[in-house]
Amino acid sequence: MPIYSAGADGGNRLGRPGPGKTPAIVPIESKGVKCIAVGWRHNIVIFDDGKAVCWGDNSDFQLGLSHIGEFSRPFPLDCFPDEQIAWAHCGDKSTTFLTTTGKVYTCGLSTGRRILEIQIPKPAIYVTSGCAVSVAIDVDGAIYRANAGNVSAQRWVLPDPVCDAAVGSNFVLALTTQGQVYGIDKFAMEGTGSTTTFLPVPSLQNIQVARVFAYNEHAAVITRDGRVMMCGNGESGRLGFGDTESRNRFEFLTDLDGANIIEIDMGDASTIFIGHDGSVYGCGASADGRLMCGESTDLIVPTRSMHVPGKAVFVRCGCFHSVVLTDSIRPVHPALKFFKMTGNLVAIARSILVGGKTVNTAASSLTIYDLLPGDTVKHQKYGEGKTIGVLCANIIVSFNGTMREVEPDSIQFVTRKGYSLYEGTNDTGETSAFDGGSICSLFGFKGGSVVTGPDQKPFTVLGYAHGTVWFADDTGRAFCLKEDGLKNLHSLFRDETSKYYDTPEGNLPIKEIEPFYARYNTSIYKVLGLFGSSYLAKLVNGKIKLIPQKKSIKLQSNTQFKELDRVFVESLKENGTVLGCLSEKIIFLSDKGLVSNGKPVIIANKECTLIARFCGEGKRTVNGVEYDVSIEAERSYPYLPSDIILSKEDDSIYTVIGRKDEKLWIQKSDNGEVHPFLNEKVILLRRHFRTGHYAYPFVTKEDVLPLAKVAIAAMAGLGVLPGNEIIIEDRNYIVCGIANHCLWLCDVETQTFAGIAKQSFNLKESIKIVKDLSDNINLLMVSN
């Protein structure tokens with residue numbers, strides 16, 4: 001879960017050594033990050049437990065620490081000994097903090113080396129800041145603005161609660177729960193004047209907005225249908241329109257249509273966008289590398305970064321540098337979470353085109369209206385129809401196959417698949433309807449069931465509404481949690497009749513089922529139970545996670561074999577892998593076929609002998625003795641059934657058979673002799689299973705040969721296997737494995753190692769295979 005920084009390196013702003021023009025890792029533990037804040041030269045990272053670290057410049061007290069100077073590496077931020085930090089946002093030389101108790105503090109250039117509490121009458125749920133202003137949102141959705149150094153704040157109440165805000169050098173944008181954006185100062189009149197109150201931003205009045213972003217002199221919004229709009233100063237191409245012209249009205253940035261942008265942040269003359277797939281895009285000033293795209297001239301259109309490994313989930317920008325969080329749980333905007341608006345972040349937005357317009361069809365798009373895609377609704381004019389998605393402020397409904405755009409208030413909910421009605425009384429005494437059926441089960445609850453809640457009191461599950469699950473206490477009053485993640489729900493409300501398992505999403509009630517194996521994406525899982533529409537599943541390495549049922553494919557089997565088994569086919573005299581199973585037959589791909597792009601063939605069960613089993617239990621008989629050849633049974637050993645290894649003791653090649661009597665047994669290739677593996681000094685020549693858990697080096701002296709992959713799957717399309725002796729241009733080589741995108745070879749004559757780029761390796765024109773396992777294999781015995 002690395003954090004990367006890039007950009008100008010003055011003031012120790014990068015938090016790491018080395019140049020800033022290419023992104024590099026900040027040496028910090030990034031697990032559990034819930035917020036990152038970045039200023040001109042200072043940076044703050046906040047964790048789930050309320051602790052924080054910082055680095056960079058504190059010469060103006062912008063970090064709130066007593067030491068006035070610079071921190072070149074991440075340093076504990078302990079300026080709030082009696083409070084936990086919930087969120088923070090940095091201005092140029094200041095920081096605004098939000099605590100878990102809802103208090104707002106500021107420190108920096110204008111506070112006189114003091115941390116000041118901004119006086120807000122009700123608990124705050126979000127803070128942001130600009131160059132010389134702090135902004136907060138309270139529990140009622142009111143918005144506050146305090147100028148730098150002031151403890152008093154001006155308050156505004158808009159027609160609907162404010163759930164997001166963004167601050168520039170001379171403007172503030174406020175987003176309400178209804179998707180309307182209001183502006184004060186510059187954006188209130190879009191460049192034609194100023195005002196002392198918030199007014200709707202003219203160019204966004206007919207647009208449903210999910211997020212607002214701003215810095216200095218430009219701003220951006222993400223609409224609820226997943227598109228990006230930009231406005232403001234266009235110098236250096238920071239708006240991404242292919243020029244350096246400024247815009248005084250928000251315009252769609254069509255270059256990012258379809259990119260499904262979920263997060264944006266801005267620097268002094270730059271903008272960085274994060275896509276749902278983890279891609280990073282940047283536009284604007286780039287000479288110092290601040291766009292994460294390396295050193296370049298100004299980028300006037302959004303350009304995808306090739307320099308950030310992994311999946312980016314969050315970004316924050318200072319004036320001249322940027323920080324990106326990768327391969328982690330995405331930090332949740334606290335105000336959007338408070339107002340149940342996280343579904344409108346288009347984090348999982350899907351879309352279709354209707355009449356040339358993009359319709360957001362993600363389940364989250366309709367939750368603000370208490371609907372879901374596929375719901376049956378009724379319109380006074382058009383009758384009953386099925387909800388499809390959201391287009392700006394309206395809902396797309398299919399009426400007898402005809403797509404129509406209707407206003408949310410013009411339709412009434414009728415039913416949905418698996419709907420089960422339960423009623424409860426809200427705080428105002430009104431009766432509300434809840435879905436205690438299949439939607440509720442996705443959260444692990446059943447409508448009407450009794451669970452044990454806070455203080456060990458009984459609560460009745462009412463069901464799903466407004467994007468979460470609702471409960472009723474003994475008075476019948478309905479309520480939900482503001483902190484409604486699965487972990488929080490099931491930590492407070494327990495079903496005493498269920499069995500609970502620890503998962504990455506928390507301790508959840510799991511329905512146990514007969515275990516089976518399934519493929520999800522590119523990994524194989526052992527399915528252990530059910531939670532809603534997900535499977536509780538375990539990877540080969542033992543890691544537990546939830547995977548979606550609909551996207552998981554159960555592995556095939558017949559009376560004798562299972563998919564992914566490793567078998568020997570007598571009629572072909574070849575080893576290979578079972579790709580699928582038919583009745584008393586298998587779909588077989590040989591090792592040679594795999595590396596040479598060969599085609600699979602159908603073989604009768606009776607022609608095949610099991611060598612090793614990837615999924616589940618498997619037995620094999622060798623010389624009249626039965627061995628356990630299950631991969632799962634070999635966890636305590638460094639080698640797997642069917643591995644080919646080379647002993648450093650006698651220069652002999654062995655094949656790993658399997659396990660018997662708590663020992664691992666191996667068979668000598670030249671005479672078939674079987675004996676227990678006694679932890680001899682060996683190297684792994686070839687592996688026939690590709691598992692992320694078992695990643696062993698070919699040799700261990702990295703200055704001679706990099707750590708190489710010897711799984712045959714890594715050799716696909718190259719036509720050779722690890723251990724082969726081959727001839728290229730009249731020279732003999734031994735195939736080692738794959739490392740650094742190269743095929744590594746050992747020159748038999750010179751006994752030196754070299755790598756050939758995979759894409760330049762031509763099977764038909766370049767090589768001839770001399771022997772499957774080279775007689776010169778002992779040349780790979782690199783001494784350590």
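Residues are numbered from 1 along each chain as its sequence is written, and side-chain values use heavy atoms, with hydrogens and water left out. Since the model is predicted, local features need pLDDT of at least 70 and side-chain atom pairs count only at pLDDT 80 or more, while totals for chains, interfaces and linings use all residues.

Turning to the rings, the count is 16 aromatic pairs (Phe, Tyr or the six-membered ring of Trp, centres within 6.5 Å; planes under 30 degrees apart are stacked, over 60 edge-to-face, the rest tilted). Tryptophan 87 and tyrosine 126 make a tilted pair, 6.1 Å centre to centre with 45° between the planes. Tryptophan 87 belongs to strand S7 (residues 85-90) and tyrosine 126 to strand S11 (residues 124-129), so the pair ties together parts 39 residues apart in sequence. Both tryptophan 87 and tyrosine 126 are buried (under 20% relative accessible area, 1.4 Å probe, protein chains only). Elsewhere, ring pairs link Phe445, Phe459, Phe471 and Phe493 into a cluster.

Charges also sit over rings (NZ of Lys or CZ of Arg within 6 Å of the ring centre and within 35 degrees of the ring normal). Arginine 227 lies over the face of phenylalanine 252, 4.0 Å from the ring centre, and the charged end of lysine 554 is over the ring of phenylalanine 516, 5.1 Å from its centre.

How values were computed. Helices (H or I, at least four residues) and strands (E, at least two) are DSSP runs, numbered from the N terminus. Buried means under 20% relative accessible area, exposed over 50%, partly exposed in between (1.4 Å probe, protein chains only).
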